[in-house]
Amino acid sequence: MAAAAAPGGVVGQRCLQLLVLVAAAGRAAAVKGGMLYPRESPSRELKELGGIWSFRADFSPGRVAGFEQRWYRQPLRQTGPVIDMPVPASFNDITQDPHLENYIGWVWYEKEVLLPQRWLQDDLSTRVVLRFGSAHYYSIVWVNGVQVVEHEGGHLPFEADISRIVQRSPGVPCRITVALNNTLTLHTLPPGSIQYMNDKTRYPKNYFVQNTRFDFFNYAGIHRPVVLYTTPSVYIDDITVTTTSSESVAMVQYQISVVGSELYSLSLSLRDQEGKVVATGDGPSGELKVPNPNLWWPYLMHENPGYRYFLEVTAQANGVPQEDIYTLPVGIRTVHVTSTQFLINGKPFYFHGVNKHEDADIRGKGLDWALIVKDFNLLRWLGANSFRTSHYPYAEEIMDLCDTYGIVVIDECPGYVESAPWILLTLGHLAVPVISSINAQAPYVDVICVNSYFSWYHDSGHLEVIPLQLTAQFENWYKTYQKPIIQSEYGADSVPGLHSDPPAMFSEEYQKAMLKEYHSVFDKKRKEYVVGELIWNFADFMTNQGITRVLGNKKGIFTRQRQPKSAAFVLRERYWKIANESSCLPPIIKSHILFL
C-alpha cells in the first residue's frame with residue numbers, strides 16, 4: 001500500500017514526544033485486572049455506541065497535525081472537515097477515495113453520546129466503563145478532552161473507567177475521541193515495515209509503502225463493538241472456571257476476584273438451560289458438584305451440541321447496599337490427547353472444518369451480525385464442526401456463538417508471518433496451548449498442525465504427486481514426534497465460473513480434483529494418527545494488490561459474497577459422511593444425515 005507522506009507512527013521519535021505532551025494534559029486510569037465480557041444484569045447496564053461516528057484521516061506531512069493542533073480538545077468538526085464513518089467497520093472500503101483505501105498513519109474518530117442521569121450521580125456508587133472490542137492497531141482515547149486509555153495491538157478488547165470524567169459534568173454530552181494508527185513495523189503484531197522511496201525521478205516527495213508478510217488485506221479501523229457499561233463501585237472483576245466430569249458427576253472449579261472492597265461475600269448458583277438450580281456455592285474459590293451433567297459436545301457428536309449451564313455470581317460488600325451480579329455461560333467438557341487421538345469427553349474427535357478470515361465486502365474486518373449468522377449457517381450446512389481463526393484472535397461475540405453451536409475453534413494469536421503461525425486450541429471459552437505448526441515448537445506441544453499446498457505452490461498443476469508427497473509428509477512428522485496431526489491448511493485457487501476439462505489451475509474442476517486427491521490420503525491416515533482436516537479457505541478474501549492475486553485470494557470454497565463453488569458440495573458430502581461414520585453419533589442425527 002502506498003501513501004503520499006511519511007507516517008507519524010508510534011515508532012517515530014517526534015510522535016513519542018507528542019504522546020508525552022498528551023499525557024501531561026491528564027488522563028484517567030485504564031482498567032487493570034480482569035476484563036469480563038460486558039453483559040447486562042440487575043446490577044449492570046449497557047449502552048452500545050455502534051453507528052455513525054465522525055471521521056478524519058490526517059493527511060498532513062508526518063501525519064501529526066491532530067496531535068500538534070490537539071484535535072481531542074474540542075469537537076472534531078470544529079478543527080476541520082469530517083466525514084461519516086460506520087462503527088464497527090474498516091474505513092478502507094467505505095468511500096470512493098483511493099487514498100483512504102490504502103491509507104497508512106493516524107486517523108481520528110469521534111462520537112458524542114448522552115448518558116442516563118442515573119449513571120452520573122457523583123456518589124461513588126456507580127462505575128462507568130468505556131470498552132472497545134478492538135481497533136487496529138494503536139489507539140489513544142480521550143473523553144471530553146482527557147486521555148483515558150492507550151492501547152497497542154488490534155484484535156483484542158481494551159477499556160477504561162471514565163466515571164470521574166463524566167460524573168463531573170452531568171447533562172453534558174460525553175465526547176469520545178479516538179486517534180488510531182495502522183502502521184506496522186518490526187515491533188508490532190503482526191509485523192511489517194515501512195519502505196521509503198527516495199528516487200525523486202520515480203516517486204513523489206515523501207513517498208513510502210507499507211510492506212507486510214501476510215497474505216490478507218491490512219484493514220484498519222474500529223472493528224468491533226464500542227460500549228459504555230456500568231457496575232457498582234464494588235464489582236466482580238474476573239471469573240475463572242475449569243471443569244472435570246465422569247458419566248455420573250461433574251465438578252466445576254471456580255475462582256473469582258472482586259474489586260472495590262476487601263470485605264465482601266460471594267454466593268454462586270449454577271443453573272441449567274431450563275433455569276433450574278443444579279448446584280450452589282459461596283466464597284472466592286471452590287467447586288460445584290453437578291450430578292448427571294449435560295456435557296458440552298461438538299456439533300454432530302450429540303443431538304444437543306453446545307450445551308451450557310449458567311453460573312450466576314453475586315457479590316455483596318459489607319455496609320454497601322448495592323450488590324453486583326454477573327452470569328457466565330459454562331460448558332462442562334474435558335479434553336485429552338493421546339499419541340494418536342484427540343478426545344473430547346473421552347470420545348475421539350475428528351476436526352472437519354475450514355480456515356476463516358474476518359473479511360467481507362465493504363465492511364472489511366468490521367463485525368457484522370448478518371454476516372456472522374450467515375457464516376454459521378453455512379458452516380452447519382457444510383457439516384463443519386470446527387474452524388481456525390486465520391491469523392488472529394476473533395471477536396468475543398463469535399467465540400461465544402461457537403460455544404453455543406458446538407463449534408470447536410483453533411484460535412490464533414496475531415504474531416503471524418507467512419511462514420510461522422502460532423496456534424492454540426479453544427473450545428469456546430475453554431483454552432488448551434496444545435497445537436503448533438512450527439517445527440521448532442513441535443517437541444513441546446500435544447498436537448501438530450501442518451500446512452501444505454502440493455500441486456499448487458509446489459509441482460504446480462501436477463495433481464498426481466499429491467498422494468505420494470502428502471503421505472510422506474504425514475509419515476515423516478509422525479515418525480519424528482509420535483503425536484496426532486491436523487492438516488491445518490491445504491487448497492487451491494478457483495475463479496468462480498471458470499471451468500476446464502481436463503482440470504487446469506484456477507478452474508473449479510481443479511479445486512475439486514485437488515480436494516479428492518488429498519481426501520484419499522486423509523481417509524487412510526485418519527485411521528492411524530491424523531485427527532483433522534481444515535480447508536483453506538472458507539471464503540475468498542481480500543489481499544494486497546499483486547500479480548498473483550486477482551481481487552484477493554480465491555482459495556475459498558465460497559465466494560466472498562458467500563455463494564458456493566463446486567468444491568463446497570464436495571466438502572459437504574464428505575463432512576456429513578464422516579459425521580455419519582462416527583460411532584458416537586446418535587440415531588436421530590444419522591437419520592438426518594441420510595435424509596440430506
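This is a predicted model: local features need pLDDT of at least 70, side-chain atom pairs count only at pLDDT 80 or more; totals for chains, interfaces and linings use all residues.
1. Overall make-up. The chain contains 10 helices and 34 strands. Of its 596 residues, 56% count as buried. Among contacts with a separation of 6 or more, 70% are between residues 24 or more positions apart.

2. Helix H5, its length and ends. H5 covers residues 369-382, which is 14 residues. From its first C-alpha to its last it reaches 20 Å, close to the 20 Å expected at 1.5 Å a residue. At the start of H5, a side-chain oxygen of Asp368 comes to within 3.2 Å of the backbone nitrogen of Ala370. After H5 comes Gly383, with a positive phi near 80 degrees.

3. Helix H5, its buried side. The buried residues of H5 are Leu371, Ile372, Asp375, Phe376, Leu378, Leu379 and Leu382. They lie on the same side of H5, because they cover an arc of only 160 degrees around the axis. The general rule behind such a pattern is that an α-helix has 3.6 residues a turn, so residues three or four places apart point the same way. The cover over the buried residues of H5 includes strand S26 (351-356) and strand S27 (386-389), along with helix H6 (396-405) and helix H9 (566-581).

4. H5 against H9. Two packed helices are described by the angle between their axes and the distance between the axes. For H5 and H9, the axes come within 8 Å and cross at roughly 60 degrees. On the H5 side the contact is made by Arg380, Trp381 and Leu382. On the H9 side it is made by Ala568, Phe569, Leu571, Arg572, Tyr575 and Trp576. Leu382 is also listed among the buried residues of H5.

5. Helix H8. This helix runs over residues 508-525 and has 18 residues. Its reach from first C-alpha to last is 26 Å, close to the 26 Å expected at 1.5 Å a residue. Its buried residues are Glu508, Tyr510, Gln511, Ala513, Met514, Leu515, Tyr518, His519, Val521, Phe522 and Lys525. These pack against helix H7 (466-481), strand S33 (485-489), S34 and H9.

6. Lys565. This residue is in the loop between strand S34 (530-535) and H9. Is Lys565 buried or exposed? Lys565 has a relative accessible area of 1%, so Lys565 is buried. A polar atom of its side chain lies 2.9 Å from the backbone oxygen of Gly556. Leaving aside neighbours within four places in sequence, the contacts of Lys565 include Glu508 and Gln511, both of which are buried residues of H8. Others in contact with Lys565 include Ser494, Pro496 and Asp540.

7. His155. The loop between strand S9 (146-152) and strand S10 (158-161) holds His155. With a relative accessible area of 3%, His155 is buried. Its side chain makes a polar contact with the side chain of His136, at 3.2 Å. Not counting residues up to four places away in sequence, His155 also touches residues including Tyr137, Arg224, Tyr392 and Pro414. His155 and Leu189 are 34 residues apart along the chain, and their C-alpha atoms are separated by 9.9 Å.

8. Arg70. This residue sits in the loop between helix H2 (65-68) and strand S4 (83-87). Arg70 counts as partly exposed because its relative accessibility is 31%, and a residue must be under 20% to be buried or over 50% to be exposed. Arg70 and Gly145 are 75 residues apart in sequence and 9.0 Å apart in space, C-alpha to C-alpha.

Technical notes:
Residues are numbered from 1 along each chain as its sequence is written. Side-chain values use heavy atoms; hydrogens and water are left out. Helices (H or I, at least four residues) and strands (E, at least two) are DSSP runs, numbered from the N terminus. The expected span of a helix is 1.5 Å times one less than its number of residues. Buried means under 20% relative accessible area, exposed over 50%, partly exposed in between (1.4 Å probe, protein chains only). The arc is that of the directions from the helix axis to the C-beta atoms. Contact means heavy atoms within 4.5 Å. A polar contact is a pair of N or O atoms within 3.5 Å; within protein, one must be able to donate a hydrogen and the other to accept it, and residues adjacent in sequence count only if both atoms are side-chain atoms. Axes are lines fitted to C-alpha atoms, for helices over the stretch in contact, and angles run from 0 to 180 degrees between N-to-C directions.
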